[in-house]
Amino acid sequence: MNISTITEQYIRERLTKGVRENGRGMMSFRDINLEIGKIPNAEGSAEINLGNTKVLVGIKMDVGEPMRDKPDEGSIMTGAELLPLAHHSYDAGPPSAEAVELARVVDRGIRAANIIDVKKLFIEEGKSWNVFIDLYVLNYDGNLFDSATLAAVAALYNSRMPKYEGEKVIREGNLEKLPIGNLATSCTYAKVAGTTVLDTDGSEEDFADVRMTISNDEKHVRAMQKGLGGAFTPGEVDKLVEASFEKSKELRKIIQGTRGD
Amino acid sequence: MGNSANKPELIIDGRRLDGRTPEQLRQIKITANPIRNAAGSAFIEWGNNKILAAVYGPREALPKHTQDPNRAVIKCRYTMAPFSSLEEHGRPGMNRRAIEISKVTREVFENVILTDLFPGNEISIFIEVLQSDGGTRAAGITCASVALAASGIPMRDMPFAVSVGKASDTLIIDMNKIEDNYSNADMPVAINPRTKEINLLQMDGELTPEEVHRGLEMIQKAGETITKIQREALKAPYEKVNEKYKASI
């Protein structure tokens, strides 16, 4: 955010020639590094380093009441924190519209794809497991949507399932894994200097015109979100949807690779 | 979405619960300028939705740190009245859903308003949902578009919005609340009718790439009707004057 005019010009010129930082392709991700279980106290956790973007996701589960419209299911709550330590433009205080959008888009991707098998989180009449997904942005360098989604799905995929015995929650010992129903990931594209690219870094994002996040599993689009003040044509949307299916194969493999079984 | 308990059949013999065909919009009625204090305003009745939109500005952007020396900043606030839904009393003001809708709505109008004509200024768009029955963000955008046009703020297009959903395997346009609750997908979209550009697109649920494509086509087709209603709402007050004038000569 707020890169200098000269840097912007430099990046613009290079993009029009089809060149990105580190020789990266227009449709490729930066290096993805996932570390699972960094926070053993949490039911699940994953830290992702996507280039210089660093997001930590923690999963906690508590016993609570099911949502009123879904009395036989567990519930999911997703929150995002753009921590003031992560970027000079982030302030302390109530969540900004950006943070709320991030949390809700990641949440919709996870919810719509049934990544968590919420039916198995029902305990008894009036009681179910509530899953809290907290997205902690530790260093901002663009593309929070994909990094947070990837880390959240990886964290869930490796979460333990606490037990509820005699009104008590048991979070340690020999526990099963959180029941997973599906795997989905997201790809976020942006138009920068007239070129459509995947996975914008912070400086590209600074002057991107429009953004599109597409979450999908193997067969279906599960969530989409257009962002920023620009626009896409219907034909461009079709193409991006197609591209996201191809790309998501790699991402699902990364997630699957985090689990030994 | 995907609530399986007591799921009603959303389509029987090709007709929806309220008798519509899959491609049929609800009744839409728009009135321009009901709020006299605003620079421009509009009231939309879209099915059972009743939504007011009002525009203030261009005016000095305050607090001062929000000013942009190169262009006007757009501020947008979408809220639902606590009495607006058929369910329990809601909380007034902004919840997380409202914050997100306000943001994506703002982005729609950032795309069309010629903001560089008003550096240092703000243009505020207020959307108040008074009664809701599904599809309020789309109806709110369609309504705010008319309010902006009525205010005379220069725009390069007049967006409309509508959502497409999926009931079982059928794509249906403009879902009401019940359909929204039990559908397999929801995709609200806003489009600039002149250039066909998509300036809002959200989706959740389950759609194949082919369904996304067809859904966008259905939305464009429905847009022809919506755009016409928007334009007629803007013309209506002047036509009345015109008739009076004709009668007097």
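# Briefing on a predicted two-chain model

B:Asp174 has a relative accessible area of 3%, under the 20% limit, and therefore counts as buried. This residue belongs to a predicted model, and its place is in the loop between S9 and helix H3 (177-182) of chain B. Its phi is near 55 degrees, a positive value in a residue other than glycine.

**Backbone geometry in chain B**

- B:Ser168 also has a positive phi although it is not a glycine, with a value near 50 degrees.
- The loop that holds B:Ser168 runs between strand S8 (160-167) and strand S9 (170-173) of chain B.
- With a relative accessible area of 40%, B:Ser168 falls between the limits of 20% and 50% and so is partly exposed.
- A cis peptide bond leads from B:Gly57 to B:Pro58, with omega near 0 degrees; B:Pro58 is part of strand S5 of chain B.
- Another cis peptide bond leads from B:Leu62 to B:Pro63, with omega near -10 degrees; B:Pro63 sits in the loop between S5 and strand S6 (73-80) of chain B.

**Helices**

- Helix H5 of chain A covers residues 234-257; at 1.5 Å a residue its 24 residues should span 34 Å, and the end C-alpha atoms are 35 Å apart, so the two values agree.
- Helix H2 of chain B covers residues 136-151; its 16 residues should span 22 Å at 1.5 Å a residue, and the end C-alpha atoms are 22 Å apart, so expectation and model agree.
- H2(B) is mostly covered, as 14 of its 16 residues are buried.
- Just after H2(B), the phi of B:Gly152 is positive, at about 80 degrees.

**Aromatic pairs and a charge over a ring**

- Over all chains, the structure holds 3 aromatic pairs.
- In one of them, the ring centres of A:Trp129 and A:Tyr164 are 6.4 Å apart and the planes stand at 85 degrees; the angle is over 60 degrees, so this pair is edge-to-face.
- A:Trp129 belongs to strand S6 (residues 127-139) of chain A and A:Tyr164 to strand S8 (residues 163-165) of chain A, so the pair ties together parts that are 35 residues apart in sequence.
- A:Trp129 counts as buried because its relative accessibility is 4%, whereas A:Tyr164, at 21%, counts as partly exposed.
- B:Tyr56 and B:Phe126 form an edge-to-face pair, with 6.2 Å from centre to centre and 70 degrees between the planes.
- This pair links distant parts of chain B, 70 residues apart: B:Tyr56 is in strand S5 (residues 49-60) and B:Phe126 in strand S7 (residues 121-131).
- B:Tyr56 is partly exposed at 26% relative accessibility, and B:Phe126 is partly exposed with a relative accessible area of 33%.
- A:Arg259 lies over the face of A:Tyr157, at 4.4 Å from the ring centre.

**Nonpolar cores**

- In soluble globular proteins, nonpolar side chains tend to be buried together.
- The largest nonpolar core has 119 residues, of which A:Leu102, A:Ile116, A:Ile133 and B:Phe109 touch the most other members.
- Helix H3 (residues 144-157) of chain A gives the most to this core, with 11 residues.
- Leaving aside residues up to four places away in sequence, B:Phe109 touches B:Ile74, B:Ile125, B:Ile141, B:Ala144, B:Ser145, B:Leu148 and B:Pro159.

**Surroundings of A:Phe122**

- A:Phe122 is found in strand S5 (residues 122-124) of chain A, and its relative accessible area of 33% makes this residue partly exposed.
- Although A:Phe122 and A:Glu73 are 49 residues apart in sequence, their C-alpha atoms are 5.0 Å apart in space.
- A:Glu73 is among the residues that A:Phe122 touches, together with A:Pro71, A:Asp72, A:Gly74, A:Lys127 and A:Ser128, with residues up to four places away in sequence not counted.

How values were computed: Residues numbered from 1 in each chain as written. Chains lettered and ligands numbered in written order. Heavy atoms only, no water. Helix = DSSP H or I, 4+ residues; strand = E, 2+ residues; numbered from the N terminus. Expected span 1.5 Å × (residues − 1). Phe/Tyr/Trp six-rings, centres within 6.5 Å; stacked < 30°, edge-to-face > 60°. Buried < 20%, exposed > 50% of the residue type's maximum accessible area, 1.4 Å probe, protein only. Lys NZ or Arg CZ within 6 Å of the ring centre and 35° of its normal. Core = buried A, V, L, I, M, F, W, Y, C linked by side-chain atoms within 4.5 Å. Contact = heavy atoms within 4.5 Å.
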